[in-house]
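Biologist: Before we discuss this model, could you put its sequence and structure on display?

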Amino acid sequence: MKEIESKEDVELLVDVFYQKLVKDDLVSHFFVNLDLPEHLPRVVQFWSFILLDEAGYSANMMEKHARLDLNAESFDRWLKLFHETVDQFFVGEKAELAKQRSSLVAWTMKTKFIK
């Protein structure tokens, strides 16, 4: 187990996390038509901005997810798989920050998108 210290660490986190997402019975349908080679670098850029203070992320994440038919169960599964992946590889301050921020993202999206 190690700390999240580099973009390569973030890439590992995102790659393994998405491997889990695309295989998960509850949420995989959100990723069927997603161009992962195009999408994953953006996700890495987002988490590198959050965890490593790297400049360059400027997309509106909320807007991109607003048109999906998301529900509370989907958010809960996404969060569970994300935390599971963080804990699988990482420890320390940035790992805890990743889990805190992902919880905040999930909560914010749930309050905006679920009626």
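Biologist: Which residues have the most contacts inside the largest nonpolar core?

Modeller: This is a predicted model, in which local features need pLDDT of at least 70, side-chain atom pairs count only at pLDDT 80 or more, and totals for chains, interfaces and linings use all residues. Residues are numbered from 1 along each chain as its sequence is written, and side-chain values use heavy atoms, with hydrogens and water left out. A nonpolar core is a set of buried Ala, Val, Leu, Ile, Met, Phe, Trp, Tyr and Cys residues joined through side-chain atoms within 4.5 Å, buried being under 20% relative accessible area (1.4 Å probe, protein chains only). The largest such core has 33 residues, and those with the most contacts inside it are Ile4, Val10, Val14, Tyr18, Leu21, Trp47 and Leu51.

Biologist: Which element gives the largest share of this core?

Modeller: Helices here are DSSP runs (H or I, at least four residues), numbered from the N terminus. Two or more core residues come from each of α1, α2, α4 (72-89) and α5 (93-113). The largest share, eight residues, is that of α2.

Biologist: How are α1 and α2 oriented to each other?

Modeller: The axes of α1 (residues 7-23) and α2 (residues 36-52), lines fitted to C-alpha atoms over the stretch in contact, come within 9 Å and cross at roughly 130 degrees. Angles, which run from 0 to 180 degrees between N-to-C directions, count as roughly parallel under 35, roughly antiparallel over 145, roughly perpendicular from 65 to 115, and otherwise as oblique. The two helices, α1 and α2, are therefore oblique.

How values were computed:
Buried < 20%, exposed > 50% of the residue type's maximum accessible area, 1.4 Å probe, protein only.
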